[in-house]
Amino acid sequence: MAKQATDHHKKAAEQHDQAAHHHKEASKGYEASQHEKAAHHAHLAHDYSHQAIHHGTEAAKSHVEHHGNK
């Protein structure tokens, strides 16, 4: 129960960190007019963000399942 939510929160944080990294790399690519590289990193950032949201949602579901309407 709590371990599952904890794991999802940790994974969400890791995915947000990865997304931030790739957003920074995309920014560098655009500044250097390396549009293909920038687009690649922007796409990765987007995907990591989706994974982070997924894990955050799963953590919230776990909380509701164990602490919701009682």
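A polar contact is a pair of N or O atoms within 3.5 Å, and within protein one of the two must be able to donate a hydrogen and the other to accept it. With that in hand, here are the views of this predicted model.

**View 1. His22 and His41 meet through their side chains.** The side chains of His22 and His41 make a polar contact at 2.9 Å. His22 sits in helix α1, while His41 is one of the buried residues of α2. His22 is buried too, because its relative accessible area of 9% is under the 20% cut-off. Leaving aside residues up to four places away in sequence, His22 touches His41, Leu44, Ala45 and Tyr48.

**View 2. Helix α2 and its buried residues.** Which residues of α2 are buried? They are Ala38, His41, Ala45, Ala52, His55, Ala59 and Ser62. An α-helix has 3.6 residues a turn, so residues three or four places apart point the same way. What covers these buried residues includes α1, which runs over residues 2–31. Two of the buried residues, His41 and Ala45, turn up again among the residues that His22 touches.

**View 3. Helix α2 from end to end.** Helix α2 takes in residues 35–67, a run of 33 residues. At 1.5 Å a residue it should span 48 Å, and its end C-alpha atoms are 47 Å apart, so the two values agree.

**View 4. Asp17, an exposed residue of α1.** Is Asp17 buried or exposed? With a relative accessibility of 55%, Asp17 counts as exposed, because the cut-off is over 50%. Like His22, Asp17 is found in helix α1; His22, however, is buried. Asp17 and Tyr30 are 13 residues apart along the chain, and their C-alpha atoms are separated by 20 Å.

**View 5. Stepping back to the whole protein.** The protein has 2 helices and 0 strands. Its radius of gyration is 16 Å, well over the 11 Å that the globule rule gives for 70 residues, so the protein is more spread out than a compact globule. Along its principal axes, the C-alpha trace spans about 55 × 15 × 10 Å. Of the 70 residues, 23% count as buried. The protein exposes about 5100 Å², and carbon and sulfur atoms supply 54% of that area. Among contacts between residues at least 6 apart in sequence, 67% join residues at least 24 apart.

Key. Residues numbered from 1 in each chain as written. Predicted model: local features only at pLDDT ≥ 70, side-chain atom pairs only at ≥ 80, totals over all residues. Heavy atoms only, no water. Helix = DSSP H or I, 4+ residues; strand = E, 2+ residues; numbered from the N terminus. Expected span 1.5 Å × (residues − 1). Buried < 20%, exposed > 50% of the residue type's maximum accessible area, 1.4 Å probe, protein only. Contact = heavy atoms within 4.5 Å. Rg over C-alpha atoms; globule rule 2.2 N^0.38 Å. Areas by Shrake-Rupley, 256 points an atom, 1.4 Å probe, with all protein chains shown as cover.
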